[in-house]
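Please keep the sequence and the structure in view while reading.

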Amino acid sequence: MPDQSYRCLGRLPFTTAPVHDETLDSYIRRLALLNEVSPRRLRDAVADSTGHVTAERLAAASGQPVRSLKYAVLQLCSPAELFAMNIAGRPKPAANQPGKACDQCAAAGGALVPVWRWLLHEDVLCLRHQRWSGRGPAAVGADIDLSGHREIVRAGRMHRQLIHGLGRREVRSAFNHAAQICHAWITSAPRYSRYCTDPYHHLQEFIRRGYPCTPADPAVAAALYPQTVALTELLADPKWWGLATSGTVRETGYAVFVLDSTPGFERFIQEIRERVAANYRWQPFPTYRSYDPLVRHIIDGIQSTANPEWPRFHLSRSTLPDEAFPPADGERL
Ligand SMILES: [Zn+2]
């Protein structure tokens, strides 16, 4: 019973280094499993009298240098230490969601069990190993192999380029909306699913290879990702969003609004057909009180400019909090 023999803080027999941006819980769990100690017991052993885990006590137990632990696991740093460190562009713990790291990246770092790390909103796939980890509670299974899905990998690079060119906040917000719109399109068959013909060949291949493909599964988000990133650009780029919101909104009944087009709006729709959904047909009015989610998003954009209290289209599954430390060189915040 190695667990019970671990009575006081001492050097553990086996050690492993934390992975970059690993959560504190993940590192303690991996260290505990490696030494056959319960994670709870190890956490208690490396916490001070107030219950906070300190880098010094964790270093004494793990044998890892304090400096390395603090650089990899930012939860171990004080605000003053974070301010002094070069951590531009990394996710802020607690302001972001934790998610499973790419299994192959984790294995390369010596991890034998899944690693959880803080993620930025674009951290859905590993470009190096071409694996989709996804995000959120559904993304706990094995990574999805993206070999043969070059379009999805290319979208990952495009996603990062958009952040670099248009700014993290703008792209994050647009990506959240785009993900929700594309997901609503593919799950609202048959009314809008014709807008998602492109992702079907990815989905068919994922199904053939045995990946679960119900709407909440990471494989569906992966299949939709190229379309989502293409729509993200049109929603985030001020030029295209300006054309989208150049239409006018008329109220034709209680809470019924109609979107009237303009030449600029028609140009935006043409671009949607060229880049996002070849079969897209915009409907300016709701059907059974339900709008096409893209039309609803544009109406929200027009109305909220004039009225900040306008009740915007509620973001549910794809709301992704995301906050990075001050941006890396060249990246707009
Ligand atoms: Zn990887």
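A residue is called buried if 20 or more other C-beta atoms lie within 10 Å of its own, exposed if 12 or fewer do, and partly exposed in between. With 24 C-beta neighbours inside 10 Å, Asp21 therefore counts as buried. The model described here is a predicted one. The protein contains 14 helices and 7 strands, and 38% of its 333 residues count as buried. Among the contacts in the protein with a separation of 6 or more, 62% are accounted for by residues 24 or more positions apart.

**The loop between H1 and H2**

- Asp21 is placed in the loop that runs between helix H1 (2–5) and H2.
- The phi of Asp21 is near 65°, which is a positive value in a residue other than glycine.
- Most residues other than glycine have a negative phi.
- His20 also has its place in the loop between H1 and H2.
- His20 has 16 C-beta neighbours inside 10 Å, so His20 counts as partly exposed.
- In sequence, His20 and Ala106 are 86 residues apart, while their C-alpha atoms are 9.6 Å apart in space.

**Helix H2 and the residues around it**

- Helix H2 (residues 24–34) is largely enclosed by the rest of the structure, because 8 of its 11 residues are buried.
- The buried residues of H2 are Leu24, Ser26, Tyr27, Ile28, Arg29, Arg30, Leu31 and Ala32.
- The cover over these buried residues of H2 includes helix H3 (39–45), helix H4 (55–62) and strand E2 (116–119).
- Ala32, which belongs to helix H2, is buried because 21 other C-beta atoms lie within 10 Å.
- When residues up to four places away in sequence are not counted, Ala32 touches Val37, Ser38, Pro39 and Leu42.
- Ala32 and Thr15 are separated by 17 residues in sequence and by 9.4 Å in space, C-alpha to C-alpha.
- Just after H2, Glu36 takes a positive phi of about 55°, although Glu36 is not a glycine.
- Glu36 is found in the loop between H2 and H3, and it is partly exposed because 14 other C-beta atoms lie within 10 Å.

**Packing of H8 against H11**

- Two packed helices are described by the angle between their axes and the distance between the axes.
- Helix H8 (residues 150–166) packs with helix H11 (residues 218–236) at an angle of about 25°, and their axes are 9 Å apart.
- H8 and H11 are therefore roughly parallel to each other, a term that applies to angles under 35 degrees.
- The crossing of H8 and H11 is left-handed.
- On the H8 side, the residues that meet H11 are Glu151, Ile152, Ala155, Met158, His159, Leu162 and Leu166.
- On the H11 side, the residues that meet H8 are Ala222, Tyr225, Pro226, Val229, Thr232, Glu233 and Ala236.
- Sorted by class, the contact of H8 with H11 has 10 nonpolar, 2 polar and 2 charged residues.

**Packing of H8 against H9**

- The axes of H8 and H9 cross at roughly 135° and come within 7 Å.
- H8 and H9 are therefore oblique to each other.
- Leu162, Ile163 and Leu166 in H8 meet Arg168, Glu170 and Val171 in H9.
- The contact of H8 with H9 has 4 nonpolar and 2 charged residues, and no polar ones.

**The nonpolar cores**

- The largest nonpolar core has 49 residues, and those with the most contacts inside it are Ala178, Cys182, Trp185, Ala222 and Leu231.
- Two or more residues of this core are given by each of H8, helix H9 (168–187), H11, helix H12 (238–244), helix H13 (263–275) and helix H14 (293–306).
- H11 supplies the largest share of this core, with 13 residues.
- Apart from this core lies another, of 18 residues, among them Ile28, Ala32, Leu69 and Val73.
- Leaving aside its neighbours within four places in sequence, Trp185 is in contact with Tyr192, Ser193, Tyr195 and Cys196.

Definitions and conventions: Residues numbered from 1 in each chain as written. Predicted model: local features only at pLDDT ≥ 70, side-chain atom pairs only at ≥ 80, totals over all residues. Axes fitted to C-alpha atoms, helices over the stretch in contact; angles between N-to-C directions. Helix = DSSP H or I, 4+ residues; strand = E, 2+ residues; numbered from the N terminus. Parallel < 35°, antiparallel > 145°, perpendicular 65-115°, else oblique. Left-handed = near helix turned anticlockwise from the far one by under 90°. Contact = placed C-beta atoms within 7 Å. Nonpolar A, V, L, I, M, F, W, Y, C, P; charged D, E, K, R; others polar. Core = buried A, V, L, I, M, F, W, Y, C linked by C-beta atoms within 7 Å.
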